[in-house]
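Hi everyone, thanks for coming.

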Amino acid sequence: MSTTTPRRERANQRANTPGTPGAQPGHTASGRHSQRWLAWIFLAPTILGMGLFTLVPIVASVVLAFFRWDIISAPTFVGFDNFAEVVQDPTVRVSFLNTIVFVIVAVSLQLGLALALAVMVQEKMPAWLRAFFRSAFFFPLILSAASVSIFMRYLFNEQFGVVNWFLSLAGIPAVPWLTTPGGSAAVVILVYVWQNFGFSFLLFIGGLASIPAETYEAASLDGATGWRKHVYVTLPLLSPTTLLASVMAIISALQVFDQPYVLTRGGPGDSTRTAVMVIFESAFQRLEFGQASAIGVILTLIIMAITAAQFRLSKRFVFYQ
Amino acid sequence: MSITTERVSTGTAPAVPARPRRKLNWNLVLRIVLLMIAAVLTLGPVMWTLSTSLRSPSESFMLPPSFFPWNPDFTSYAQVFQQLDIVLLVLNSALVTGLIAVGQMITAAMAGYAFANLKFRGRGALFSIVLATMMVPVQVTIVPVFMLIRGMGLSDTLLALILPAIPTAFGTFLMRQYFLGLPADLAEAASIDGATPWRTFRSVYAPLAVPGMAIVGILAFNFHWNEFFRPLIMTISEQNFTLPLGLVSLQGNLGTGSISVVLAGVVLSMIPALVVFIFGQRALQDGLTAGSGK
């Protein structure tokens, strides 16, 4: 990559300069004409693919939510029945509640941990050590959630798991991690945060690097030290990054599936069943495609509402330089 | 953008590791200790996985756990090959991931170039639509996509995994940013020389776009190599399974007796991800955080 960095650096500077127009080849009339043709040819695969595999399915999903259909017999229109059934279904309600609790706990842990570690790594750290920590925290992101959940299941085993062995060293009796509702929920959260905090960490590192050093100098001239410096300088200046990191973390946590599916299959009981798991089960195990679509539509509406609310709130709390 | 800011901060780095002459900086020591604990907790489970996979199946439960494989025993690896058609799984995963990555690199470069460098009506609106599709969760579209795939007669084939994954909003966005960053003079020079827009793309811009396309490819590889949800739904017969599915089935079919075999499979599945990590770490980090800059 080293040979390409100067070009890419220039590229990024250009991209960041407002008002720099993109290259616009072809000033002649015929050039403009062939440009338009080339544009549509170049866009065709992406636009057709997205239309076919994203836009049409969105519309189809909404329409399907008003039908009862098991693929085998013809679909019948049932109005809002699917929504009514879904809202009254205790399993669906529990799974949505689980998802909300999961999002709140996992995202706060993930962001808190990432922010604390990013601040610690950023201050007066030898460059090689910083590079080491960056790689270490980034590492879990490259693994598949399925493999991670497989080995974490062994680590959290009640009898021979390493986690309980370490706890026993501290005199703590064996915790039934995967066989109790609370324990499984805790494991799903821990495993998810373990794998994903590195992403928020990277975003915070980028955000911290963009805070000019002079701001801190000015603050320390005004007598701000240590903790106060972070509360009054770092946090406000970091708020755009925090907004972005929280939006992305919440959207991805709302869609959690792999970890609870492999770790617990949603159990014990319904204790780790998530919204996406219920979509999967009702569509591909019970063949209730209409109900699955209804759950999907509700989940999408929740995601959209939360995202909109975050951006609205951010107008009051996010401080832009 | 993260690349530039990072470079600025490392540019001032020589001033940073000022050796403490007067007294030890306890604050720094405490921070490094805390960060080290976090790093051990992050890498520890992976180390344990590796070391346990290198123990004989009968020793795999042993406590205290060992984190260093002093006497590696490769029988578990041999058993993975006996109990699981791992060659087929790797081939399936490689085929699916490779074709998605190449497909994304080509289509994203084309679309990104169109959005950045070519003028046509509706460019802004179309780009907004492309960006908006990034917000749609896979789970919401999965039922209609599954039916569409069935309707196309592709259910339970690898194409069912490949085709829907090729159009990429994020890749298109990345490539557009990349092309916007290339100097505009290049296009002017080419058009003065009488090059057609196609010629300008093929001879001038496409060769310059290779590093950007590499980021798109590496991101696609990492994501789809690890993908579990779509393969779980789209494939039924074991001959079409990808690695993550195969591993989960290996864990399910066997008792708790052969942890080391399951973990050997997990380690084998991590090797390609590890190679990408070693060679493409920078590109991956830049790609993931692209667009987060102000």
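Let's begin with A:Thr234. Setting aside neighbours within four places in sequence, A:Thr234 is in contact with A:Leu208, A:Ile211, A:Tyr216 and A:Lys229. You'll find A:Thr234 in helix α10 of chain A, which covers residues 226-254. Keep in mind that this is a predicted model.

Is A:Thr234 buried or exposed? It counts as buried, because its relative accessibility is 2% and the cut-off for buried is under 20%.

Next stop: A:Ser149, in helix α6 (residues 145-155) of chain A. A:Ser149 is buried too, with a relative accessible area of 0%. A polar atom of its side chain lies 2.7 Å from the backbone oxygen of A:Ala145. Leaving out residues within four places in sequence, A:Ser149 also has contacts with A:Asp258, A:Gln259, A:Val262 and A:Leu263.

Now for the nonpolar core. Which residues touch the most other members of the largest one? They are A:Phe137 and A:Phe151, out of 178 residues. Helix α8 of chain A, residues 181-209, gives the largest share of this core, with 15 residues. Look at A:Phe151 and you'll see that it touches residues of chain B, including B:Pro45, B:Trp48 and B:Met270, as well as A:Trp194.

Finally, let's visit the surface. B:Trp26, B:Val29, B:Leu30, B:Val33, B:Leu34, B:Ile37 and B:Leu41 make a nonpolar patch of about 690 Å². Take B:Ile37, which sits in helix α2 (residues 26-53) of chain B.

Notes. Residues are numbered from 1 along each chain as its sequence is written. Chains are lettered from A and ligands numbered from 1 in the order in which they are written. This is a predicted model: local features need pLDDT of at least 70, side-chain atom pairs count only at pLDDT 80 or more; totals for chains, interfaces and linings use all residues. Side-chain values use heavy atoms; hydrogens and water are left out. Patches are made of residues with over 30% relative accessible area and no salt bridge: like charges are joined within 9 Å, nonpolar side chains (Val, Leu, Ile, Met, Phe, Trp, Tyr) within 5 Å. Accessible areas come from the Shrake-Rupley method with a 1.4 Å probe; for residues, only the protein chains shown count as cover. A salt bridge is a side-chain nitrogen of Lys or Arg within 4 Å of a carboxyl oxygen of Asp or Glu. Helices (H or I, at least four residues) and strands (E, at least two) are DSSP runs, numbered from the N terminus. Buried means under 20% relative accessible area, exposed over 50%, partly exposed in between (1.4 Å probe, protein chains only). Contact means heavy atoms within 4.5 Å. A nonpolar core is a set of buried Ala, Val, Leu, Ile, Met, Phe, Trp, Tyr and Cys residues joined through side-chain atoms within 4.5 Å. A polar contact is a pair of N or O atoms within 3.5 Å; within protein, one must be able to donate a hydrogen and the other to accept it, and residues adjacent in sequence count only if both atoms are side-chain atoms.
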